[in-house]
Amino acid sequence: MKRFLKTDEWNIIEESFHADQQRASESIFSLGNGRFGQRGNFEETYSSDSLQGSYVAGITFLDRTRVGWWKNGYPRFFSRIPNAPNWSGIYLRLIDEELDLAQWDVESFERKLDMKEGISYRDFEVISQKGNALKVHVEHINSMANQNLCLIKYSVTSLNYEGKISFVPYINGDVKHESANFDEKMWNILRAETSNEHAYLWTQTKREDAQLCSAMTYQLFKNSKELNISPIKVEKEKLVGFSAGADVKPGERLTLIKYTALTSSLYYDRQQLVEQSIAESKEAKRKGWDQLTEEHKSVWKQIWTETDVVIDGDPEAQQGIRFNIFQLMQSYRGDDSRLNIGSKGFTGEKYGGNTQWNSELCCVPFFLLASSEETARNLLLYRYNQLPKAIENAAKLGFKEGAALYPMVTLNGDECHNEWEITFEEIHRNNIIAHAIVQYTVMSGKIDFILDYGLEMMIAICRFWSQRVSYSQPKQKYVILGVTGPNEYENNVDNNWYTNYSCVQTLKATMQYLNIAAREYPGKYSGICQKTSFKIEETAHWQQIVEQMYLPEEKELGIIVQQDGYLDKELNVVADIPTEERPINQHWSWDRILRSCYIKQSDVLLGIYLYHAHFDPETIRRNFQFYEPRTLHESSLSPYVHSILASRIGDIEKAYRLFLHATRLDLDDYNNELDQGLHITSMAGGWLAIVQGFAGMHIINDMLCFHPVIPEKWNRYQFNLNFRERTLQVTIEKTAVKIVLLKGEMLNIQVNKVVYDVSKEKELTIFTSL
């Protein structure tokens with residue numbers, strides 16, 4: 001852990017300047033609004049180590065694949081969300097000096113991310129190399145009310161300086177993408193222009209012609225009075241801006257407000273980008289800072305009304321869960337099925353902004369239960385729209401007849417990953433998509449999605465499995481050979497239990513819903529069969545696989561076996577590893593990791609979590625007590641799953657520790673990789689650990705069931721839950737559970753095995769010993 005941030009329930013605060021933590025802080029203080037975002041870079045010049053990163057959703061670049069040993073099935077290009085032109089830059093200049101926190105003396109420094117209102121603040125005092133002292137205050141907003149607007153207020157007060165202070169707000173298209181495979185620039189500059197009132201940069205990504213126009217205008221104030229001046233125009237090939245300033249004396253303040261509008265070819269005709277971005281920047285200036293800020297705050301107020309989790313008695317946990325929710329909600333708004341959630345969101349370059357299976361594992365249930373069904377539906381529609389590409393991806397590997405293999409990493413449906421043991425072998429990713437479709441159907445109570453879209457996807461996935469399994473004569477069972485499970489510290493193994501078991505569940509669920517469609521919706525069923533060329537005879541083979549799948553187990557120990565050969569390893573525990581050798585992926589050779597028994601994230605426990613209704617409490621307990629001590633939690637997907645299972649077996653202390661690990665993974669940099677960006681998609685796990693873990697929420701026979709527990713530190717915790725067009729407010733205290741139906745009709749719930757009715761007319765308070 002690297003704790004350097006102040007604990008505060010609504011704010012993330014860095015109380016002094018940490019040059020050695022600059023990249024980590026840039027990740028933490030990232031801002032987004034679903035359409036665009038950026039790392040928490042300084043607006044002014046910073047000449048020391050930094051990762052300048054600005055990103056626009058849906059704008060992609062085709063990066064040539066770089067690999068030492070080419071294998072059939074690798075993609076020729078990777079799609080990436082490129083580092084976009086820097087639209088936030090503001091040079092601050094005195095007569096013959098330029099502010100640079102890497103060169104000037106920093107006397108005081110504080111930056112704050114106000115999560116309640118979605119505003120980033122910086123306050124610092126500096127002394128230049130010539131002894132000039134300034135006090136600076138910065139506010140930065142990526143508007144949630146108008147998702148094309150970035151707003152910056154930059155104020156400078158002279159402490160001892162007398163002379164001219166100049167601001168140079170600019171847009172710079174000469175940017176670098178650090179993780180590019182061949183270190184090539186990703187943008188062409190179509191036009192760069194500055195007038196007395198605005199400046200814009202019109203750009204396109206190379207090869208793919210995704211276009212972005214960034215336009216800006218500004219206001220300048222001395223103390224509180226707006227100045228009307230003629231700026232000096234800055235117009236270069238790749239950079240546009242203004243130079244505007246005024247003379248000041250000690251105690252006087254200059255303030256620049258920069259209004260930037262970003263429009264992309266994802267939403268506007270290419271020929272309208274310049275006109276649209278200029279018009280929106282001018283309209284923002286007409287409205288002014290105060291009105292735009294209030295509109296932005298209003299959106300965040302509504303978001304927190306719906307999604308906030310209140311924890312009484314534990315500021316660290318409260319800060320952690322709010323940070324997770326904040327980052328999720330500013331990364332993805334759920335209003336466009338062409339978009340998904342990159343594993344790093346708008347906070348870093350790793351994974352290229354691409355989507356992985358984390359989205360279905362964590363984000364679909366979060367948005368389905370914490371936000372709106374439509375948001376979760378759009379995440380699934382994203383996968384449906386890419387079904388033809390998934391079929392193409394499978395065909396490249398030799399699969400036929402409409403079999404689909406969804407990519408491990410993708411933006412547009414093409415595989416964007418080229419490590420063979422992951423790209424070709426971590427094929428369990430197919431099954432989480434099917435699981436998410438079923439989860440959406442069950443939790444929403446609506447069958448339309450699975451009839452209109454889901455079964456097409458599930459049939460294609462089942463066709464993949466029907467061709468991927470092998471029949472073992474010695475075992476007289478179906479087996480799945482040469483795979484990598486969720487535990488990526490084991491590669492190219494046979495009969496990974498999670499892969500085999502989730503394959504069976506996918507086949508069973510698909511056949512179940514095909515039967516429902518044929519029986520109750522014959523018209524829809526006929527359309528599905530026609531569109532997919534499905535014949536009922538296919539299910540005979542599927543049923544054979546279900547009935548005869550090999551699932552490794554150790555009966556004497558009463559545990560599931562992670563994969564063939566796992567019990568042949570030296571079964572040490574994580575406590576045996578010296579602290580200085582953690583994380584092991586940063587200290588051990590890959591050979592040593594693969595030979596060890598240590599687990600990045602538990603395949604077995606993930607399967608038990610996802611299909612928990614299939615396992616009795618003792619089976620869960622035995623497997624948890626065997627695998628958790630050997631699990632390193634060096635995957636961001638690991639701690640929350642284990643926290644939920646620990647809650648369900650009554651180990652509340654361990655559940656609480658793992659919950660803190662999940663929610664404060666980035667705030668405390670557990671995995672020593674914060675400089676690369678945040679773990680956005682797994683942040684949903686902290687919320688799930690409360691709702692599915694401590695609250696014990698699950699569904700039996702269309703009824704919500706709670707088995708609540710409460711960590712020792714907490715006096716109470718409260719959250720809202722959306723379930724089948726109903727909204728419940730759930731409050732769990734040490735001696736009582738209170739449930740209020742805020743929206744919708746009467747609902748049956750079960751608390752500690754007793755069934756109650758909840759209606760809008762009355763509050764239901766259940767007194768119980770937790």
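## Stop 1: an open sheet

Four strands make up an open sheet in the order S7-S12-S18-S17, with antiparallel pairing. Strand S7 (90-93) and strand S17 (232-235) are the edge strands, each pairing on one side only.

Before moving on, note the ground rules. This is a predicted model, in which local features need pLDDT of at least 70 and side-chain atom pairs count only at pLDDT 80 or more, while totals for chains, interfaces and linings use all residues. Residues are numbered from 1 along each chain as its sequence is written, and side-chain values use heavy atoms, with hydrogens and water left out.

Strands (E, at least two residues) and helices (H or I, at least four) are DSSP runs, numbered from the N terminus. Two strands count as paired if DSSP finds at least two bridges between them. Strands of a sheet pair through backbone hydrogen bonds, either parallel or antiparallel.

Now select S7 and S12. The two pair in the antiparallel sense over 4 bridges.

## Stop 2

Select strand S14 (residues 199-205). Are its residues buried or exposed? Of its 7 residues, 7 are buried (under 20% relative accessible area; exposed is over 50%, partly exposed in between, with a 1.4 Å probe and protein chains only). Both faces are covered: Ala-199, Leu-201, Thr-203 and Thr-205 are buried on one side, and Tyr-200, Trp-202 and Gln-204 on the other.

S13 and S14 form a hairpin with 4 residues between them, and their antiparallel pairing runs over 7 bridges. Thr-194 has Ala-199 as its bridge partner in S14.

S14 pairs with S15 in the antiparallel sense over 6 bridges, and Thr-203 stands opposite Leu-212 in S15. These two strands also form a hairpin, here with 5 residues between them, and Arg-207 in the turn has a positive phi of about 75 degrees.

## Stop 3: salt bridges

The structure holds 45 salt bridges, each being a side-chain nitrogen of Lys or Arg within 4 Å of a carboxyl oxygen of Asp or Glu.

Select Arg-23 and Glu-178. They form a salt bridge in which the closest N and O atoms are 2.8 Å apart. Why does this pair tie together parts that are 155 residues apart in sequence? Arg-23 lies in helix H1 (residues 22-28), whereas Glu-178 is in the loop between strand S12 (163-172) and strand S13 (187-194), so the bridge joins those two parts. Arg-23 counts as buried, at 17% relative accessibility, and Glu-178 is partly exposed, with a relative accessible area of 42%.

Go next to Lys-287 and Glu-295, whose side chains meet in a salt bridge at 3.3 Å, N to O. Lys-287 is partly exposed, with a relative accessible area of 29%. Glu-295 counts as partly exposed at 27%.

The next pair is Arg-724 and Asp-702, with the closest N and O atoms of their salt bridge 3.2 Å apart. Arg-724 lies in the loop between strand S27 (716-723) and strand S28 (726-733), and Asp-702 in the loop between strand S25 (698-700) and strand S26 (703-706), so the pair ties together parts that are 22 residues apart in sequence. Arg-724 counts as buried, at 18% relative accessibility.

For a network, select Arg-3, Glu-316, Arg-664 and Asp-668: salt bridges that share partners join these residues into one network.

## Stop 4: backbone angles

Return to Asp-702, in the loop between S25 and S26. Its phi is near 65 degrees, a positive value in a residue other than glycine.

Lys-753 has phi near 75 degrees, again positive in a residue other than glycine. Lys-753 is found in the loop between strand S30 (747-751) and strand S31 (754-758), and is exposed, with a relative accessible area of 70%.

Finish at Pro-583, in the loop between strand S24 (559-560) and helix H14 (590-595). The peptide bond from Arg-582 to Pro-583 is cis, with omega near -10 degrees.
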